[in-house]
Every structure is written in structure tokens, then in C-alpha cells.
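Here's a quick briefing on side-chain contacts, covering charge pairs, ring pairs and charges over rings. Have a look at the model first.

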Amino acid sequence: LNRGFTEIHSMSDHSNFVSCVCIIPPSDLYPHGLIATGGNDHNICVYTVDNPALLYILQGHANTVCSLSSGNFGTLVSGSWDATAKVWLNDKCMITLKGHTAAIWAVKLLPEGGLILTASADKTIKLWKAGRCERTFTGHEDCVRGLAVISEEEFLSCSNDASVRRWKISGECLHVYYGHANYIYSIAILPESNDFVTTGEDRTLRIWKQGECAQTIRLPAQSVWCCCVLDNRDIVVGASDGIIRVFTESLERTASAEEIQAFENELSQASIHPDTGDLGDINVHDFPGREHLDDPGRRDGQTRLIKNDGKVEAYQWSAGEGRWIKIGDVVGSSGATQQTSGKVLFEGKEYDYVFTIDVNEGGPSYKLPYNITDDPWLTAYNFVEKNNLSPVFTDQVAYFIMDNTKGRAVFNASSEFSDPFTGAGRYMPSASSSTVPPADSFTGNVKHFNALLNFTCFLSVGMGISQSANTTDENTYFPKKEAVTFDHANPTQIMGKLKELNGTAAEEHKLTEDELIILEKLLSTTCSASAEKPTMQQIQTLWKAVHWPEDIVFPALDILRLSLRHPTVNENFCSEKDPVQFIALLRKFLSPEGKLANQLLALRTLCNCFASEAGEKLLMEQRDEIMAQAIEMRSSNNKNVHIALATLTLNYAVSLCKVNSVEGKAQCLSGICTVMEVVQDLEAIFRLLVALGTLISDDTNAVQLAKFLGVHSLIKKYASVSEPAKVKDCCRFVNNLL
């Protein structure tokens, strides 16, 4: 009966249901590939193909892992109810994708390096590149459940809104396909074509050719959860009756006449409830007799209902066989009471319990339906969301459910298999309940001086900068061990501009003559080899000056930039004062609408924070926020802003290699790729190449991630740069590592 399919292994390392399975392609380390499974226990289990023993577990998600997709270089992408997707390389999480507001039901890797699609219960699809959201696709009216990639330029999505949409990567929706009568759970592409197959809550597998539903295959199970297409074009589906079925267009592989008859008998004995919607919008009370089947159907999959011996039977037209095939008996509500059936009818559906909840004395009562196969916490969350109640009631409602259902097994098995995604009989969210919670739901003047905006500040001694056209075989560029700082200074010019602007400042901001002298002394101390230490009075005066209005603050920022190289000033601003407030001040100047001089000086100031241990520690603690905002500066048209941004990235690379932070390195690699796509200045490119080389030196995982992100295609054009030679050399050394 297996017709060539034999069970080889059975893995049982998850502590709850398995919601998705994925094959990771063969690699040098695992020549037969790997099997990855995602579960309700929040884990991903990974196995070798030839051994049922667990190889390793990937942990990091805070809720059910419901989708997996594999790519080149051993990469794996996972989607979860915790509203995040994660990129894994071997046994480490490299990138976490955050942006959806509800559960991520589907993930797909696109053929182009580093491009990822995620589909969510928030009704949107997002395109990610190098760990950043590039585009959001909107159009579906309910939870998006499945994705299928057609090419580098196009993909398909299916949704609980019973539609399939075809999209261009650029964001345009090319077509909307209708045919299913209920939720569509899964979609897969047929090989070497744009044709596809879908399965859903209407008991059907549908085959789509040239944009039309060419064939509808009914199954004797209400929910057809998933489908995939084998290389030989055979279609495999899994349904809520726990059976996997394979359909083929090949005569050589077609099942025997006995097997086909057994399938039809099973189908004809199925019970179809009219409320499920899988028969379309039909009045079930007005039916003709068997004579209605004498006329042929108009299209494959057409459904007709007839009366036969007091029963209502459903038939489906098979265009291939030219006959009507019985697909089941239509049944109404049981009419049973809770005493006779143990079920309570609420809003047309049967539940194990329907509680009445009084939130406030004298206020309205709310009905809370609950099945013992449901998760009490998820039910409580959805109840609170649906009725616009305060989140503080969530835990009270959950405990109420558990207290009042004692003695009834939670997640107990039933004759119908539970939804592998929600644990319920099938996934039927209300308008508000499609949002799945995280694991714990309770808890003008830029003319400072010409050099400021127009000169190119080269790296300090030790960067191996050579303007010679001769290439070298010795890598003197990376891995970089020390931070790069911006040391260029003209104290006389800076103080001249500060005094000039002070004369025009409002009275509440104006500095006294004594305060100007204090700042001049601080600048002199930090720009010379003096053994004298900056005083607290000098530091406090500088703090006052950097709070000037944005249109006149830039000379004060320049003093701050230079002063932070001194350990005393660095320690004070980055540790002893309110360091978070200090970073917030600098981030304020990175606003895209801000002054160019302020943006540049804020970036350089952040770079110089790395000059001492206190500053390095603070910037590492605030890395996520700083890098996310700094990378937005790539849209600037000023080359010196780009150089400062590249230097900041380089300094982070140096620090991340000291602590060997896997996710930090991944974040930095993603940032480099994002910046390198738009930056053209070769000095900035050089520093990004040094940062890249520093990150991937002696780190196999970082090398593999760089390959996945498409670094080679990003940097290959710099291999032919003649001047400065350092760009060509550095590019060559990076490529050698890749």
C-alpha cells in the first residue's frame, strides 16, 4: 500500500506537537543533508537523514515554531508565533527579524542571497534583506498562511481570506486567484512551471494551471493542512485525519483499482456540515433527486447536492472520468444538548464549555467558549483582545479556565487530529484573534569650517594605508585589533566659531566669558600631550554647551568629539553621568531631518567613544539602537558622513571580535551589506571591507553567513579598482576568505 514509501525513522524529541518539517540541503559536513522540525515546545530539532538520534536543538523562539525554510551554506530560517523570524547557521542564531505584529506563519528564502519572505497573521508579507525589512506587501484581508517562490522576481501567497495572490518582489500584486470556499493553508509550485497547488479548510486539494483552477480533488477530512510537490510532479498532502496521500498524473504510478475504490468509498462516507462553507453558498433545504446527476458537470470539481432516501448527498464532477463521484453525506447540527452530547452550541459551533464572565460588577457579561483541546492562555488572550478588555485580565481569565476545567484532559486526542498550528480542532480565529501574542503577554547652518564637510579623514596609524598602485601579498588591513578614531583638529578655528555663535545665542543658552575660557582650556588639554587632566568644571561646562539649539551646537559637538579621546572625559560621559541620556543626546542628532554637520559630528563622536573602555562598553550595551539609527545615515549624500558611518561599523566589528558575539557579528555583517549597497566613496568602502574582513577572520560561521548575505556579489566590483590600491587589495583578501 505504501507504493514505494517506507517509514525509515521515527523521531520523537519534541515535547508537544510538531508543526513543520524542512530538509536542509547536503553540505561538506553533512553530505546527505539534514532534517529540521519545528514544534509547539518553541524548539527546532535537527537530525541527520540516516540517524533518528537528535543532532542538536535550536532554542531561542518564545512560542511555537510553525514554519521553516532552508537555503544555501547551511542556513535555516524559522517563523514563530512570537512574531519573529530567525536566521540560523548550523547550531547558532545569526539574525532575528522583528517587525510583524502577530504570528509569522510562513517563511521562504528567495534565490537571491540574503532575501527572505515572511507571512504573518497581521495580514502582511515582509521582504527582508541583510536582516532589514525592505518592503511590506499588503492586500490580504486575513492571516497569510503560506508562501511559494516562483522566481527571483515573483512569488505566491495564500491566506485565510480564501484567496491566492501573485506578487512581484517590487511590491506589485499581479493577480488574485479565487476558488477555495474557506481558509487556504498551504501552497506549492509545480516544477518547471508557474502552475501551483493549494490545500485548505474546504476539504480540497486544488491544482491551478495558467491561472485557473484546473482540478479539484476532495479528501475525506475537513482540514487539508499541507501540501508539497515532489521532483516527479507527484503531489503529497497531509490532512486532519492523520493520513498522508500522494496524487500523481503518471499512469505508471497510479494506485490500483482497489485502492482508488477504497478511497472513493471513504470519501462517500464522509459527513459534510453545511456550516463549514466548503460547499459554497447553497441553501441546503431545496434539493432535487438523483436525476440531477444525469446532466454532466460544467467544470472539474463542480459540486451538486441531491436528496436520496431522505438524506442529502454531495457529489463532485470529475472531468477526467466524465462522472459524478459521491464525496459525502451532508449533515446538520446534532441538536444535542450538553447533557446528551457533552457539547454546548455557541454562535453555531459546538464547544466543551461556554463560560459567562463578569468583568466589572454591574457591567456587561461576556461569553467565553472553550474546548479542552485549546490552550487556556491563548484563549484568554484572544478573549481579552476581542472584547477590548484590559490586558491585566488575561492571567485571571486563563486561571479561571484552568480552575473550571479540572478533570478534563488538556490537549487530549480526539478522533479528528488537532490543528498542528493552534492545537485546536481547526484554526478559526475571529477578526481580532488572528493576532497571536508573544510567549508572555502580561508582563541650517553647516558652515563650521570647510574642512569639516569636505576633507577626507584617513585612518590613523596602523591601518596599513598605502597610496601606492602596487598590490601586496601581505594582508596588513585586517583583522583590525583597535578602534579607529577621528583625531583631526583645529582648536583655534573651533573656538572661533563657538565664540561667534555664542554672541548670537539666546540669553538662556549664552556662555559666560569664564565658561568660554574653561572650554578653551579643555580643548587644549585634550588635543595636546599634556599630562594635565580635564577638570569636573570643564566637563560640566561642555555638557551645558552640547545642549545648545541644533542650529548652533556643532562647534560644541566638535569639542565633545575630541575630548572623548581622553580617558577622564570618556569615563565621565560614558559611565559616571547618565550614559543612556548621553547616547540619547547623540542619537537625537542622527535624525534624517537634522543638520548635516550635527549628523557628521555625532557619528564621529560615537566612533571616538571606542577610544576608552567605558565608551566601548556603553556602545556595545546600546548597540541595537545605535546601529539601527546610524545605518539610516546611508541615505546621506555626503561622503564624510559615509566615512564616519563606515568607521563606526568598523569599530563595532573590532569590539564584537573581542567578545565573539555571534548575533552581534551577524547584525554587523547585515549592516555592512546594507550600507555597501548605497555608499560609493572608496574610503568608506575601504573601511567597510576592513570591517568585513575583521568579522569573518577565523570564524567559519561568519564566513558562511557572509556568503548567505551575498557579500561576494556586493564587493566583486571593487576587485578591479586601481586607485587607491588598498581597496583592491583589501577586497582580494576578503574574497580569499569567502
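What follows goes through the contacts by topic.

This is a predicted model, where local features need pLDDT of at least 70, side-chain atom pairs count only at pLDDT 80 or more, and totals for chains, interfaces and linings use all residues. Residues are numbered from 1 along each chain as its sequence is written, and side-chain values use heavy atoms, with hydrogens and water left out.

**Salt bridges**

- The whole structure has 25 salt bridges, each being a side-chain nitrogen of Lys or Arg within 4 Å of a carboxyl oxygen of Asp or Glu.
- One of them pairs Glu266 with Arg245, with the closest N and O atoms 3.5 Å apart. Glu266 sits in helix 1 (residues 257-268) and Arg245 in strand 23 (residues 244-247), so this pair ties together parts 21 residues apart in sequence. Helices (H or I, at least four residues) and strands (E, at least two) are DSSP runs, numbered from the N terminus.
- Arg245 is buried at 9% relative accessibility, while Glu266 is partly exposed at 33%. Buried means under 20% relative accessible area, exposed over 50%, and partly exposed in between (1.4 Å probe, protein chains only).
- Lys544 and Glu515 also form a salt bridge, at 3.1 Å between the closest N and O atoms. Lys544 belongs to helix 8 (residues 536-545) and Glu515 to helix 7 (residues 513-526), so the pair ties together parts 29 residues apart in sequence.
- Here Lys544 is partly exposed at 34%, whereas Glu515 is buried at 16%.

**Aromatic pairs**

- The count comes to 17 aromatic pairs. Rings of Phe, Tyr and Trp (its six-membered ring) pair if their centres lie within 6.5 Å; planes under 30 degrees apart are stacked, over 60 edge-to-face, and the rest tilted.
- Phe155 and Trp167 are stacked, at 6.3 Å centre to centre and 15 degrees between the planes. Phe155 is in strand 14 (residues 154-159) and Trp167 in strand 15 (residues 163-168), so the pair ties together parts twelve residues apart in sequence.
- Both are buried: Phe155 has a relative accessible area of 0% and Trp167 one of 1%.
- Phe247 and Phe263 have ring centres 6.1 Å apart and planes at 75 degrees, so they're edge-to-face. Phe247 is in strand 23 and Phe263 in helix 1, 16 residues apart.
- Ring pairs also link Phe137, Phe155 and Trp167 into a cluster.

**Charges over rings**

- Arg145 lies over the face of Trp105, 4.3 Å from the ring centre. That takes NZ of Lys or CZ of Arg within 6 Å of the ring centre and within 35 degrees of the ring normal.
- Arg732 lies over the face of Phe733, at 4.9 Å from the ring centre.
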